[in-house]
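These are my notebook entries from reading through one model. I wrote down what I looked up and what I found.

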Amino acid sequence: MASGLPLRHPAQGFNASQQLIKSDRGGMLTMSDDNVMMKQIVGTHAPDGREIDVKPLLHLVEDILKRATLQIDTSLTAHAELEDTTHQVNFVSMIDALSYTIDRISCEIAYKALGGTDAHATTVSLCNLLPSYSWEAKLVLTMAAFALNYGEFWLLAQIYSSNELAKSMAILKQLPSIIEQSGPLKARFDALNNLIKVMMDVTRCVVEFKDLPTSYISQEVPALSTAMTHIPTAVYWTMRSVVACATQITAITTMGHEFSISTTDVWELSTLAYKLTNILEHLRKQLAACYEYIDEKRNVETFQMLKNLYGSSKKRVHLDVLRRKNVLLLISGLDILNDELSILEQIYNESRQHGARLDSQYELVWVPIMDHSVQWSDTVNEKFKSMQSTMPWFTVYHPSVIEKPVIRFIKEVWHFRNKPILVVLDPQGKLVCPNALHMMWIWGSNAFPFTSLREESLWREETWRLELLVNGIDPVILNWIKEGKYIFLYGGDDIEWVKKFTNSARAVAKEARVPLEMVYVGKSSKREKIRRLMATITAEKLSYIWEDLTMIWFFWTRIESMLYSKIQLGKLDDHDPMMQEIKKLLSYNREGGWAVLSKGSNVVVNGHSSTVLPTLVEYDLWKDQVP
């Protein structure tokens, strides 16, 4: 046979669809048959303009099919999660509206499969049930109907051995004998699983086109126009694959072991998978081109936005000062903490003094975001002027020059809420990090050029050591580390525990003849209580302290930033030993006293007050192990 080349509606010309199917391994249809079929399918399409968000339904279909297509045996383990419960509230009303349609499709597929109706005729009848729906909605609804039947088949297969009701139903469907004879059916189930996976991939891809932001791309753009032309073909062949899969399952349950002898049907499933894979490759290529186009549009928009954001605290300057440089946009309200500005200024100034000409490579610009609905009073204006005058970097001349569309862009595209973010643009104006504040807190200017790639690289080089906790905060501790001393970092807000701990630790160090230093690093909250506690520590000479509360704020902010940095990169691993230690510290901060003991750089113990103090008190029990 000639290669099957799905073609588009005559009004748009048939040639474009020929790119979709490259070689069809001998083909399922002649080219002319394909043309006639697609005319017939497009002829059933009469959308009424209603919009349906099919993504929640698609998530449910994915969940069912992932659980049902892993392998043949009944020891399947579920590993897919549904959307969070907050999403399911809206989902219930959608299911109410669509359940009748899904049931109709499901019944139609089952009826036609039993009757041995031609696959194309069945697909046309499904399209006739769904004339008013968009292409992606037709596809997701059909996949949902298939998941309903296929999921029921595998649910019985998984539970019939342990559930009496399921056992009786399974016998009617011949499931026990099918499972027992699963060996000869393995090739068929493998072909089914492979085809279903490709069907899901195509469905996700079609839905993704629907989600492209219309504010950045329209159907006049060639990549999207080409894709829209080919989507009917993709939908048709996926729906037809649904019919083929349903027919296979029906045949297995009605003919049982006799059906496993045939190899023709396995070939049909493999051929459909091959055809859909070719379609998918073409659509993904167009989707990538669409995303590239959107990125370019956003880059232009970002540059235009930058033109509205220049200025300085003392005088207006031209945008040329930012050309050919990495630009860090500090986006915040007027409620940004003095601690944050103080540390950021310290890092910024250090980069200017010791940054190996970093000063010529990046500029920082403060972008103050104000709610336009809030009245601009003299008090607010004075606060802005006061903050602006202390900043050594460039700032927007005045919040009023930032227009509403720019604020909307910053909130919607860069996800600014209320907390400060540090957006990084490369010399071409391209976004290279959505928020570099976390890596700035952790590594300072060493994180230059502040890209997500640099952030990943820094984490790969990092290890669990004391410097990770105190770098950039206090040179005194860094000197202790170089000298190889034992160092206790400790915190909490219970003065009695602090007294017992420091006295016990000093006594143990003296007895064991080891050089010990201790530093109190407080707590991330209860600022005034911590200030009073520090006064007691100083008066009673219990240990070294950080007199500047900003240093304590920075210590805890850096630790939180380590967690947020990993989350932002999508690299948070619950089994990562370094992250486990960081999470421990954050939990201790909420729960009371704690201490970290290191010998030089090497962290020996990271423990809660409930274990650290008793260990010191019971020194006599383990003192023989000190050497």
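Which residues are linked with E62 in a network of salt bridges? I looked this up in what is a predicted model, and I found that K197, D201 and R204 are linked with E62 in that network.

**Entry on R204 and its partners.** I began with R204 and E62, which form a salt bridge whose closest N and O atoms are 2.4 Å apart. R204 lies in helix α8 (residues 182-210) and E62 in helix α2 (residues 55-68), so this pair ties together parts that are 142 residues apart in sequence. I then noted that R204 also forms a salt bridge with D201, where the closest N and O atoms are 2.4 Å apart; D201 and R204 are three residues apart in helix α8, which separates them by about one helical turn.

E62 counts as buried at 14%, and D201 counts as buried at 11%.

**Entry on another pair.** I looked next at K529 and D493, a salt bridge with its closest N and O atoms 3.8 Å apart. K529 lies in helix α19 (residues 527-539) and D493 in the loop between β6 (486-491) and α18 (495-512), so the pair ties together parts 36 residues apart in sequence. I recorded K529 as partly exposed at 36% relative accessibility, and D493 as buried at 14%.

**Entry on the whole.** A search of the whole structure gave me 22 salt bridges, and I noted 23 helices and 10 strands in the protein chain. Of its 627 residues, 52% count as buried.

Notes. Residues numbered from 1 in each chain as written. Predicted model: local features only at pLDDT ≥ 70, side-chain atom pairs only at ≥ 80, totals over all residues. Heavy atoms only, no water. Helix = DSSP H or I, 4+ residues; strand = E, 2+ residues; numbered from the N terminus. Buried < 20%, exposed > 50% of the residue type's maximum accessible area, 1.4 Å probe, protein only. Salt bridge = Lys/Arg side-chain N within 4 Å of Asp/Glu carboxyl O.
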